[in-house]
Amino acid sequence: MPAKNIKVSVIIPVYNVEEYLPKCLDSVINQTLKEIEIICIDDCSTDNSWEILQEYASKDDRIIVLRQETNRGLGAARNSGLKIAKGKYICFIDSDDWVEIDLIEKAYNKTVLNNADICMLEYKIYNEITGMYKQCLSQMYKNRTSDVCTYKEINNAIFCHFAAWGKFYKHDFLTRNNLIFPEGIFFEDVSFSVKSIILADRIAFL
């Protein structure tokens with residue numbers, strides 16, 4: 001049965017990622033925090049991504065699958081997910097990524113504990129050729145004296161990370177500030193990320 005008290009809406013845009021999609025979905029459905037909904041928006045994939053989504057949705061009632069009528073890009077796909085999201089918090093995950101099994105629970109607890117609008121997350125880049133990981137965003141922790149701050153108190157290096165993923169958002173914060181993604185452009189993350197960081201009263205770090 002779908003979670004009645006949805007704490008987190010996980011929004012996953014999908015386009016031609018059949019090679020990576022199962023690993024992404026497995027990492028989300030097996031999260032230690034169970035009160036989540038998983039909204040997957042297929043942007044008219046031409047490979048087997050849509051079929052994979054349907055297969056997973058048939059086995060887990062928390063998974064909601066949508067398909068765009070036309071290929072409209074990442075911004076439009078994420079906006080479609082935001083329109084139906086019911087969770088108190090929002091987490092964007094790209095469909096060629098995967099997350100640690102307790103990521104959502106830790107991010108949720110950190111954000112709630114600090115009453116934060118955004119929680120910034122560290123991440124690793126995986127090199128498929130070497131099989132090695134590179135730790136990223138450790139510079140966020142420089143020159144800080146607490147776990148919560150505003151953008152004015154953040155080391156400027158934080159703005160190197162413009163992606164929608166790698167952050168955890170309070171849903172009400174996004175709604176109140178009408179924060180949605182621009183559509184029909186590349187790098188749609190930049191506008192959304194910069195605006196949200198500037199508008200946030202409290203930013204936590206994990």
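1. Of the 206 residues in the protein chain, 50% are buried, where buried means under 20% relative accessible area, exposed over 50% and partly exposed in between, with a 1.4 Å probe and protein chains only. The model is a predicted one, in which local features need pLDDT of at least 70 and side-chain atom pairs count only at pLDDT 80 or more, while totals for chains, interfaces and linings use all residues. Residues are numbered from 1 along each chain as its sequence is written, and side-chain values use heavy atoms, with hydrogens and water left out.

2. The protein chain holds 6 helices and 10 strands, helices being DSSP runs of H or I with at least four residues and strands runs of E with at least two, numbered from the N terminus. Among contacts between residues at least 6 apart in sequence, 78% join residues at least 24 apart, a contact being heavy atoms within 4.5 Å.

3. The largest pocket contains about 1,200 Å³ of space. On a 1 Å grid over the protein atoms alone, a pocket is an open set of points where a 1.4 Å probe fits, with protein on both sides within 12 Å along at least five of seven lines, and lining residues have an atom within 4 Å of a point. Its lining numbers 36 residues, of which Asp 97, Trp 98, Tyr 123, Lys 124 and Trp 165 lie nearest the centre. Elements giving two or more residues to this lining include β1 (8–14), α3 (74–84) and β7 (133–136), and the largest share, 4 residues, comes from β6. By class the lining has 20 nonpolar, 5 polar and 11 charged residues, with Ala, Val, Leu, Ile, Met, Phe, Trp, Tyr, Cys and Pro counted as nonpolar, Asp, Glu, Lys and Arg as charged, and the others, Gly among them, as polar.

4. The second largest pocket has a volume of about 300 Å³, and of the 17 residues that line it, Leu 74, Phe 186, Phe 187, Glu 188 and Asp 189 are the closest to its centre. Both α3 and α6 (188–199) supply at least two residues of this lining, which is made up of 8 nonpolar, 3 polar and 6 charged residues.

5. Two residues other than glycine have a positive phi. Asn 16, with phi near 50°, sits in the loop between β1 and α1 and is partly exposed at 29% relative accessibility. Cys 44, with phi of about 65°, is found in the loop between β2 and α2.

6. The backbone nitrogen of Cys 44 lies 3.1 Å from a polar atom of the side chain of Asp 42. Asp 42 belongs to strand β2 and is buried, at a relative accessible area of 0%. Leaving aside its neighbours within four places in sequence, Asp 42 is in contact with residues including Val 14, Ser 49, Trp 50 and Arg 67.

Definitions and conventions:
Grid points are joined across faces, edges and corners, and a volume is the space filled by probe spheres set on the points. A polar contact is a pair of N or O atoms within 3.5 Å; within protein, one must be able to donate a hydrogen and the other to accept it, and residues adjacent in sequence count only if both atoms are side-chain atoms.
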